[in-house]
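Dear colleague,

Please find below the structure that I am handing over to you. My notes on its strand pairing and helix packing follow.

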Amino acid sequence: MYSHDTQIRVRYAETDQMGYVYHGNYAAFFEVARTEAFRQLGIRYKDLEADGVGMPVGEIRTRFRRPARYDDLLTVRLLLKQPAEGSRVLFEYEIYNEARELLTEGHTLMVFVNTATGRPVPIPADIQAKLAPYFSEEELTSPLTPPAPKLPADSPAPAAFIKGNE
């Protein structure tokens with residue numbers, strides 16, 4: 001398992017009229033945690049994109065337990081509890097306040113795609129190599145989730161990932 005903590009101070013602009021962090025900002029907090037975790041591993045999104053690989057969000061889930069408020073110092077914990085497989089990687093998140101109270105939980109399922117076509121591609125070997133030390137040999141060789149169905153090479157990509165369908 002891989003874990004990385006990122007701290008974020010809540011800015012006034014990130015709160016709503018009730019003084020809570022606006023729910024839409026949590027996706028951005030998750031993104032900051034992903035970017036910083038990858039940076040710590042020596043993986044830069046900028047380099048992936050230069051190689052023609054993107055990582056759009058295929059799924060996002062957020063569960064709010066307690067509100068975060070203006071000027072709170074949040075710890076966003078990113079967890080990779082299972083190895084990335086195929087073209088997908090599941091990032092899990094826990095957000096804590098300074099009192100170490102769990103405020104929010106969530107996950108994002110990211111899909112590696114060819115940026116020119118929007119089609120899923122295998123996770124780049126260098127990323128697999130950087131993540132591998134955090135998992136046992138058994139975790140790396142036995143699928144933890146059922147394999148995604150194999151699609152013919154000429155099958156259409158999911159509409160959400162094809163350029164021009166924004």
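**Strand pairing and helix packing**

Leu-90 stands opposite Leu-109 in β6. Please bear in mind that this is a predicted model.

The strands β5 and β6 are paired in the antiparallel sense, with 9 bridges between them. Together, β5 and β6 form a hairpin in which 5 residues lie between the two strands. Within that turn, Arg-100 has a positive phi of about 65°.

The strands β4 and β5 run antiparallel and are joined by 5 bridges.

A further antiparallel pairing, over 7 bridges, links β3 with β6, the strand of residues 102-111. Here Arg-63 has its bridge partner in β6, namely Glu-105.

As to the overall arrangement, the sheet is open and has 5 strands in the order β1-β4-β5-β6-β3, with antiparallel pairing. Its edge strands, each pairing on one side only, are β1 (2-9) and β3 (57-64). On average, neighbouring strands of this sheet are turned by 20° against each other, direction ignored.

Which helix packs on the sheet? Helix α1, residues 25-40, does so, touching β1, β3, β4 (73-80), β5 (88-96) and β6. The direction of α1 makes about 125° with that of β1.

Yours sincerely

How values were computed. Residues are numbered from 1 along each chain as its sequence is written. This is a predicted model: local features need pLDDT of at least 70, side-chain atom pairs count only at pLDDT 80 or more; totals for chains, interfaces and linings use all residues. Side-chain values use heavy atoms; hydrogens and water are left out. Two strands pair if DSSP finds at least two bridges between them. Helices (H or I, at least four residues) and strands (E, at least two) are DSSP runs, numbered from the N terminus. Axes are lines fitted to C-alpha atoms, for helices over the stretch in contact, and angles run from 0 to 180 degrees between N-to-C directions. Contact means heavy atoms within 4.5 Å.
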